[in-house]
Amino acid sequence: MSRTLVLAANWKMNKGPAATGEFLDPFLASIGSQAGACEVIVAPPFVSLPAAAAKLAGSGVALAAQNASQFDSGAYTGEISVGMLQELGVKHVILGHSERRSIYGETDEVINAKIKKVLDAGLHPIFCIGETLEEREGGKLETVLRTQVRDGLVGVSEEGLLNSVLAYEPVWAIGTGVTASPAQAQEAHAFVRSLLADLYSDEVAQKVRIQYGGSVKPGNSAELMAQPDIDGALVGGASLDPKDFQALIANALA
Ligand code: PGA
């Protein structure tokens with residue numbers, strides 16, 4: 001089964017509108033045909049989405065948001081709705097990131113509501129899952145992943161799943177410089193795919209793309225992407241520099 005690689009930049013709380021333009025000008029000039037050989041996605045902070053949308057028009061690089069509300073509109077101070085994101089040209093929304101789970105208390109139930117809201121609008125969730133070091137060392141890797149996948153996808157149809165990308169991000173590898181070994185990542189990805197096969201079907205599971213995230217860099221993207229069940233990367237730190245992100249993409253495609 002050949003699945004198109006999906007490489008996404010998660011800038012987190014970095015780069016306002018001016019810095020977004022400063023990144024995208026050289027980045028778009030340098031990626032050339034690579035944007036057609038895989039799917040490239042950039043997720044700036046909310047306030048930088050209009051600046052990014054203007055630069056990305058016609059580039060083949062898609063725009064993502066880093067979060068969205070599970071509600072449509074109303075008295076939700078500080079929140080941003082899916083409809084507002086859609087108006088700005090956003091195509092993908094990162095949901096369930098471990099920072100949202102641990103710092104902002106997002107539960108599997110809330111993440112599930114957000115996934116369904118994004119899918120209902122015809123946008124594409126990037127649904128993040130992953131275990132902490134304590135959970136891994138305590139032998140709970142499979143239990144944690146099973147719960148996150150099952151509860152995050154409650155009521156999500158086969159079509160909805162196929163419109164989503166999953167991102168396996170071991171929490172201990174995010175922003176730490178410690179990357180899961182290709183073998184560790186592959187093992188977790190294969191397990192996540194088996195969970196999808198149980199919940200849906202093997203045929204559907206084989207079509208779903210599962211990104212790896214956690215200290216992906218230009219120096220390790222090739223080896224990680226060579227694993228049979230790794231179909232892309234969700235990149236934080238190494239996506240902040242246009243040269244690094246371009247090199248990471250080039251190596252992933254090599
Ligand atoms: P990192 O972040 O590449 O800086 O480890 C990945 C992520 O949080 O998506």
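Q: How are α8 and α10 oriented to each other, roughly parallel or oblique?
A: They're oblique to each other, a class that takes in whatever is not under 35 degrees (roughly parallel), over 145 (roughly antiparallel) or 65 to 115 (roughly perpendicular). Helix α8 is residues 141–152 and helix α10 is residues 182–199, and they pack at an angle of about 45 degrees with axes 10 Å apart. Axes here are lines fitted to C-alpha atoms, for helices over the stretch in contact, and angles run from 0 to 180 degrees between N-to-C directions. Helices are DSSP runs (H or I, at least four residues), numbered from the N terminus.

Q: Before I go on, what kind of model is this?
A: It's a predicted model, where local features need pLDDT of at least 70 and side-chain atom pairs count only at pLDDT 80 or more, while totals for chains, interfaces and linings use all residues. Residues are numbered from 1 along each chain as its sequence is written, and side-chain values use heavy atoms, with hydrogens and water left out.

Q: Thanks! Which residues of α8 and α10 meet?
A: From α8 you have E142, L145, R146, V149 and R150, and they meet A188, F191, V192, L195, L196 and L199 of α10; contact means heavy atoms within 4.5 Å. By class that's eight nonpolar, no polar and three charged residues. Ala, Val, Leu, Ile, Met, Phe, Trp, Tyr, Cys and Pro count as nonpolar, Asp, Glu, Lys and Arg as charged, and the others, Gly among them, as polar.

Q: And what's the angle between α6 and α8?
A: About 40 degrees, with the axes of α8 and helix α6 (residues 108–120) 8 Å apart. These two are therefore oblique as well. D108, N112 and I115 of α6 touch T147, Q148, D151 and G152 of α8, and the contact divides into one nonpolar, four polar and two charged residues.

Q: Switching topic: which residues are closest to the ligand?
A: K12, H97, E169, G175 and S215 are the closest of the 13 residues that surround the ligand, counting a residue if one of its heavy atoms lies within 4 Å.

Q: Where does G175 come in, side chain or backbone?
A: Backbone: an N or O atom there lies 2.6 Å from a ligand oxygen. For S215, a polar backbone atom is 2.7 Å from an oxygen atom of the ligand. E169 uses an N or O atom in its side chain, 2.7 Å from a ligand oxygen.

Q: Last one: how far apart are the axes of α1 and α13?
A: Helix α1 (residues 17–31) and helix α13 (residues 242–253) have axes 9 Å apart, at an angle of about 30 degrees. That makes α1 roughly parallel to α13.

How values were computed:
A polar contact is a pair of N or O atoms within 3.5 Å; within protein, one must be able to donate a hydrogen and the other to accept it, and residues adjacent in sequence count only if both atoms are side-chain atoms.
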